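Dear colleague,

I am handing over the structure below, together with a short account of what was found in it. Please read the account with the structure open beside you.

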Amino acid sequence: GIPATLVRRIELAVNAEKVEARALLAEGFEDLELGGRLHRVAVEDVDAHVEIDSNEDLVVECPKGLPPRLDVNQLRATSRLVVPEGTVLNCWAKGLGTRVFVGDGVENRTGGAGDCAVPGVELNGVRSELTVEAAGE
């Protein structure tokens with residue numbers, strides 16, 4: 001295998017019902033990009049920017065909390081992000097007709113990219129929606 005200290009970026013194009021990204025904590029690791037026909041993505045213990053490119057309706061699960069930055073890029077899709085109750089984040093939407101909804105049990109601090117002290121979640125695309133909800137909601 002490749003030593004973890006040499007890996008800075010992972011980019012995967014997959015067609016899968018579920019993809020799990022776990023324990024990517026190596027010093028110097030910066031980016032994980034997942035693309036393709038994805039329906040469910042689990043992100044756990046990933047200390048890097050995570051970017052998901054999928055035009056399918058998607059569920060992203062972050063059971064232990066968010067990575068420092070999560071970007072979801074979609075065209076005409078409706079997706080859900082499930083986080084632990086009490087999660088504080090900055091959430092915003094870019095693109096044409098994109099909307100982000102934040103449910104009970106989750107706090108959207110500013111609605112923009114301003115506060116680096118809390119994880120950032122960005123929805124990019126056209127006519128897409130992302131609902132951020134607390135686990136168990």
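E122 is located in strand β10, which covers residues 120-126. Please keep in mind that this is a predicted model. The relative accessibility of E122 is 6%, and because buried means under 20% relative accessible area, E122 counts as buried. Its side chain makes a polar contact of 2.9 Å with the side chain of N124. If neighbours within four places in sequence are set aside, E122 is in contact with R69, L70, D71, V72, W92 and K94.

Two of these contact partners, R69 and D71, form a salt bridge, with their closest N and O atoms 2.8 Å apart. D71 is buried, at a relative accessible area of 7%, whereas R69 is partly exposed, at 29%.

The structure holds 17 salt bridges in total. One of them links E33 and R9, whose closest N and O atoms are 2.6 Å apart. E33 belongs to strand β2 (residues 31-46) and R9 to strand β1 (residues 9-24), so this pair ties together parts that are 24 residues apart in sequence. E33 counts as buried at 14% relative accessibility, while R9 counts as partly exposed at 44%.

A further salt bridge joins the side chains of E107 and R109, at 4.0 Å from N to O. E107 is partly exposed, with a relative accessible area of 40%, and R109 also counts as partly exposed, at 40%. Elsewhere, salt bridges with shared partners connect K18, E20, R22, R40, E44, D45, E61 and K64 into one network.

Yours sincerely

Key. Residues are numbered from 1 along each chain as its sequence is written. This is a predicted model: local features need pLDDT of at least 70, side-chain atom pairs count only at pLDDT 80 or more; totals for chains, interfaces and linings use all residues. Side-chain values use heavy atoms; hydrogens and water are left out. Helices (H or I, at least four residues) and strands (E, at least two) are DSSP runs, numbered from the N terminus. Buried means under 20% relative accessible area, exposed over 50%, partly exposed in between (1.4 Å probe, protein chains only). A polar contact is a pair of N or O atoms within 3.5 Å; within protein, one must be able to donate a hydrogen and the other to accept it, and residues adjacent in sequence count only if both atoms are side-chain atoms. Contact means heavy atoms within 4.5 Å.
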